[in-house]
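Please read the structure below alongside the explanation that comes after it.

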Amino acid sequence: MNNDKSTRVLIIMPAWNEAESVGNTVREVLAVERPYDVLVVNDGSKDDTAVLAANAGATVLNLPFNLGVGGAMRAGFKYAQRRGYRRVIQVDADGQHDPRNIEEVLAGLEHADISIGARFADRGDYAVKGPRKWAMQFLARVISGLAKTRLTDVTSGFRAANERAINQYLDHYPAEYLGDTIDSLVVAVRSGCTVTQIPVAMRPRQGGTPSHNPLKAAIYLGRSVFALLFALTRKRSTIQASSVSSQEPAAC
Amino acid sequence: MLNVAAFILSLAIVGVVFEMLRRKKLREKYAALWLIVGVGTLVLAAFPRLLTIVTELAGVQLPSNLLFIISILLLLGVCLHLSWEISVVEDETRALAEEVAILRALIEERPAAATHNGDHANSPSSQ
């Protein structure tokens, strides 16, 4: 449809009740002076997220009700594919991800289909403790083994994808809890997508509070193992090449 | 006496399902199962000897045990089926929500693009 979109990058920002921070985050990203288009997926927010994002200069995708991060992201990928974007990157609306790192994470796409901005890779001072940390380490180890590359932060929401990965995601990107991170990543890897990671530093959130409840962390561990087991047994996708560029099906 | 009550009850089930089907309150695929259940109880209520015969054939001690195990399995099946159906429906709703959001975004983009080109798209174009 729009050929000029093929060189631009779509930044997908899932936002659910992020009125506090979404405006600033969008402005910050647009201030980087790169060919970035920002798409805020308003995931059924009850506050002014949509208006503030639009005023800041983002395109807003209004989901009529809350679908969760996975649902919001798939809507974003669908939009990207229809508009002919070749590269997309997910950035959190809460300002945790530094817009200056976007280019670095995107650079990872030169030799992989999925590029993850990782928090623990010897950069920044992001730290978690207890069961949540074990869960993250365990997941990282298993998925590193599958992807045959060292990954330290597989639950990072700072993820870039090229055209092949977008097509794979459109086939499988569950709206379930952790579906947007673990499940989609595992199935993408098993379908033949390559993954790389780029170390980034995370900033403190601009709005909202992170949870440090040990019970929640334990539940997180359980659910992540559950999600992982399911992802490992799922059927692989056969990825269709985007109809925008060519008609031939291509393996990822 | 109890048999008569059971017969009336099963007759009522079949009647209600049939009426709901007729009024399009129930899709056929869900109705089939309930009709089978209704007719089954109807037959058992009419000929209670049947249950005893089947119980002896299956080697179950009490006819009521056989009845319970059949009902439990049936209800389990119905529950599973409904969970499956609702998952399908949720998936479809999700796809629709995505579609609606994308279409809305594309429509909202349009007037802006047209004004950018210099013509006023707000008035319907007469050609």
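Residues are numbered from 1 along each chain as its sequence is written, chains are lettered from A and ligands numbered from 1 in the order in which they are written, and side-chain values use heavy atoms, with hydrogens and water left out.

The model scores ipTM 0.76 and pTM 0.78. Over residues 118-127 of chain B, pLDDT stays under 50, and the model has three contacts beyond four places in sequence for them; a contact means heavy atoms within 4.5 Å. Where pLDDT is low, the predicted coordinates should not be read in detail.

Chain A has eight helices and seven strands. These elements are DSSP runs numbered from the N terminus: helices are H or I with at least four residues, strands E with at least two. Of the 252 residues in chain A, 54% are buried, meaning under 20% relative accessible area; exposed is over 50%, and partly exposed lies in between (1.4 Å probe, protein chains only). Among contacts in chain A between residues at least 6 apart in sequence, 77% join residues at least 24 apart.

A nonpolar core is a set of buried Ala, Val, Leu, Ile, Met, Phe, Trp, Tyr and Cys residues joined through side-chain atoms within 4.5 Å. The largest such core has 45 residues, and Leu61(A) and Ile114(A) have the most contacts inside it. Helix α3 (residues 68-83) of chain A gives the largest share of this core, six residues. Leaving aside residues up to four places away in sequence, Leu61(A) touches residues of both chains, including Leu39(A), Tyr79(A), Ala101(B) and Ile102(B). A second, separate core has 27 residues, among them Met13(A) and Tyr36(A).

On chain B, Leu33(B), Trp34(B), Leu74(B) and Leu75(B) make a nonpolar surface patch of about 340 Å². Helices α2 (28-46) and α4 (63-116) of chain B each supply at least two residues of the patch. Leu74(B) lies in α4 of chain B and counts as partly exposed because its relative accessibility is 37%. Patch members have over 30% relative accessible area and no salt bridge, with like charges joined within 9 Å and nonpolar side chains (Val, Leu, Ile, Met, Phe, Trp, Tyr) within 5 Å. A salt bridge is a side-chain nitrogen of Lys or Arg within 4 Å of a carboxyl oxygen of Asp or Glu. Accessible areas come from the Shrake-Rupley method with a 1.4 Å probe, and for residues only the protein chains shown count as cover.

Methods. Predicted model: local features only at pLDDT ≥ 70, side-chain atom pairs only at ≥ 80, totals over all residues. pLDDT = per-residue confidence, 0-100.
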